Amino acid sequence: MSENSTNFIKIPDREPPINSIGWLAWIRHNLFGSTTNTIITVLFFYFFYLYIPPFVDWAILNANISGSDRSVCDANKAGACWTFIKVRLDQLLFGLYFATNPEEIWRPIFVFALFGMLVVPLVIDSTPHKKWLLMILLTIYPVIFIAVVYGGVFGIPVSDTGQWGGLLLTFALAFVGIVLALPLGILLALGRRSEMPIVRALSITYIEFWRGTPLITILFMASVMLPLFFPSGVEFDKVVRAMIGITLFQSAYTAEAVRGGLQAIDKGQNEASMALGMGYWRRTMLIVLPQALKISIPSIVNTFIALFKDTSLVSIIGLLDLLKMSQNASRSLDWNGYDIEGYLFAGFVFWIFCFGMSSYSQKLEQKLDTDRRSE
Amino acid sequence: MTSTTAPKNSIDTDNAPIITIDKLNKWYGKFHVLKDIDLSVNKTEKIVICGPSGSGKSTLIRCINRLEVHQEGSIIVDGTELTDDVKHINEIRSDVGMVFQHFNLFPHLTVLENCTLAPIWVRKKSKIEADEIGMELLTKVRIPDQAHKYPGQLSGGQQQRVAIARALCMQPRVMLFDEPTSALDPEMIKEVLETMIELAESGMTMLVVTHEMGFANKVADRVIFMDEGQIVEQNDPGNFFNNPKSDRTKLFLSQILEH
Ligand SMILES: Nc1ncnc2c1ncn2[C@@H]1O[C@H](COP(=O)(O)OP(=O)(O)OP(=O)(O)O)[C@@H](O)[C@H]1O
Ligand SMILES: [Mg+2]
């Protein structure tokens, strides 16, 4: 294609200039670029030097892990007592029922392993059929969880939910809360924007009621008041009560997160799909929700993370979640005095789950970011 | 007309108007946007609607597929009167294509998916068949090579042509355009207008709100001038541009043709 104009000469494309001259220049520019920057850098390394080496000494280099009672730890007070965690691991992870029935311990191990097998491929880019995996995780997995952990089918003995505890309980509460609250929250968010005044009013009332009530109060209410609504004699499982309370509470937060996404959708999207003859549910499911959920992923996951941590409040109604279990174990006669190790362990496990959710949401966000122009 | 549904082909008698608007009145709250609009559109007719900003042009064509609800008068599209009946509304909407000023493509779907979504879910076509129609129409608007990109990766002019293809995939009987080129750069206006001219030549019934007077001159059977919610004047393009009847039209034309 020859350009006929005489005064237009195309300048050939060039590579962009390379403006990083090795790591030394990077450090000078980024860490010591200005006075403030230099002060921050120096302070940071000073505090790092002050606190990190002693912690590493205590937590790793001098730590105790051998043996099966406190004598090892008592002999070496300069190091952390991971022996405690090792000995009580079953109890911390799976609760008292499974810790005291070693022949049943395959049950929680199985459901956690299955969870890992479903979740890991979800994070790997090249996995095919991710949608189906996710569907299995959200629908079939909970059923398997109940069948295996609770038992009562296929000859698996029933486990007493009152003795569920540790990570297993934390996980069960959070998982149920998340899986049930998501669809409920989406419906509530849609209801809040409905053109039908009654639907709208009901949704608003629901959301504002649960959002304005602290989870602790809800857990108390669920444990004390829920039985009042049912004829006496109907024994309501404590764990189920907590699950109901958590779900009601969580759905209000999820709804608000989803609403944020719905509000961000241009009304032209709805009009264009209306003009194509699509009804309310088709517009919602095919056009509005896919875009709105994508936008609200970060805030939805935020509510999930908050919930995961908030489940530790169930200790208030006498359930032994991961945190409470760690505390109890470190106050037992055998291990009295090693609460720091207990709390660190609980904190670390909480962190793994929350960090996992956070990373997954960031990944999802990037992957779904399709309406940005390609580079 | 009786309520017994006439067989579909009876509507195909050539001189029956496809849109009949009778004494249409609409208010936004207390604001009277449309006043006593009478308009009938015959099959294959091309109508251009112009008028100053706020005169109710968008409102009028949005009433035709009930994106806006009117309070008085009647609108009959393809033999069906527009009422609150949801099923009728969706049927009419699927027969009336609409192209918006800001394209309103679905950003989370590819260009081809934008085109096939409604045929699959509303017309219940198979994916294969819908893909075929989609590619055919993308070819017609000359962007088959962009089929698997996302709307955000296309230029404005390309996006608007996708929007036209998307509407055409439903095989509509009428196409409504609401200022389809006014969000575009001059270079892109041309490619969209060309697409619309080809569509007009293929015999589509079209109602176009636009200030592109060249386009009006070339394809319109009738030009309608609106002001303050009323139809001030309508005429064939020759007479409309060369000897407008009302002073209001003259003033408008002098303003619009100045630059
Ligand atoms: N949803 C609404 N609520 C209240 N008033 C509205 C609404 N939509 C439009 N209007 C008003 O109705 C009048 C007609 O609007 P309309 O959009 O039909 O004008 P238009 O002729 O298409 O103008 P433009 O050339 O600017 O697009 C305007 O005065 C506008 O402010
Ligand atoms: Mg307008």
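Okay, hi everyone. One thing before we start: what you're looking at is a predicted model.

Let's begin where the two chains meet. How many residues does each chain bring to the contact? Chain A puts in 21 residues and chain B puts in 27. Between them, about 2100 Å² of area gets buried, and carbon and sulfur atoms account for 60% of that.

Now the polar side of things. Across this interface there are 6 residue pairs in polar contact, with both residues at pLDDT 80 or more. On chain A's side, the elements that give two or more residues are α13, residues 267-275, and α14, residues 280-310. Helix α13(A) has the largest share of that side, with 7 residues.

And salt bridges? The count between chain A and chain B is 1. Which residues form it? That's B:R62 with A:E271, and their closest N and O atoms are 2.7 Å apart.

Let's stay with B:R62 for a moment. You'll find this arginine in helix α1 of chain B, which covers residues 57-64. Is B:R62 buried or exposed? Its relative accessibility is 12%, so B:R62 counts as buried. If you set aside the neighbours within four places in sequence, B:R62 touches A:E271, and also B:L67, B:E68, B:M98 and B:F100 in its own chain.

Okay, moving on to a helix in chain B. Helix α5 runs over residues 156-168, so 13 residues. From first C-alpha to last, α5(B) reaches 18 Å, close to the 18 Å you'd expect at 1.5 Å a residue. How many of the residues of α5(B) are buried? It's 13 of the 13, so this helix is largely enclosed by the rest of the structure.

Take B:C50: the nearest cysteine sulfur belongs to B:C63, and it sits 19 Å away. B:C50 is also buried, at a relative accessible area of 0%.

How values were computed: Residues are numbered from 1 along each chain as its sequence is written. Chains are lettered from A and ligands numbered from 1 in the order in which they are written. This is a predicted model: local features need pLDDT of at least 70, side-chain atom pairs count only at pLDDT 80 or more; totals for chains, interfaces and linings use all residues. Side-chain values use heavy atoms; hydrogens and water are left out. Helices (H or I, at least four residues) and strands (E, at least two) are DSSP runs, numbered from the N terminus. The expected span of a helix is 1.5 Å times one less than its number of residues. Buried means under 20% relative accessible area, exposed over 50%, partly exposed in between (1.4 Å probe, protein chains only). A disulfide is a pair of cysteine sulfur atoms within 2.5 Å. Contact means heavy atoms within 4.5 Å. Buried area is the accessible area (1.4 Å probe) that two parts lose on being put together, summed over both. A salt bridge is a side-chain nitrogen of Lys or Arg within 4 Å of a carboxyl oxygen of Asp or Glu. A polar contact is a pair of N or O atoms within 3.5 Å; within protein, one must be able to donate a hydrogen and the other to accept it, and residues adjacent in sequence count only if both atoms are side-chain atoms.
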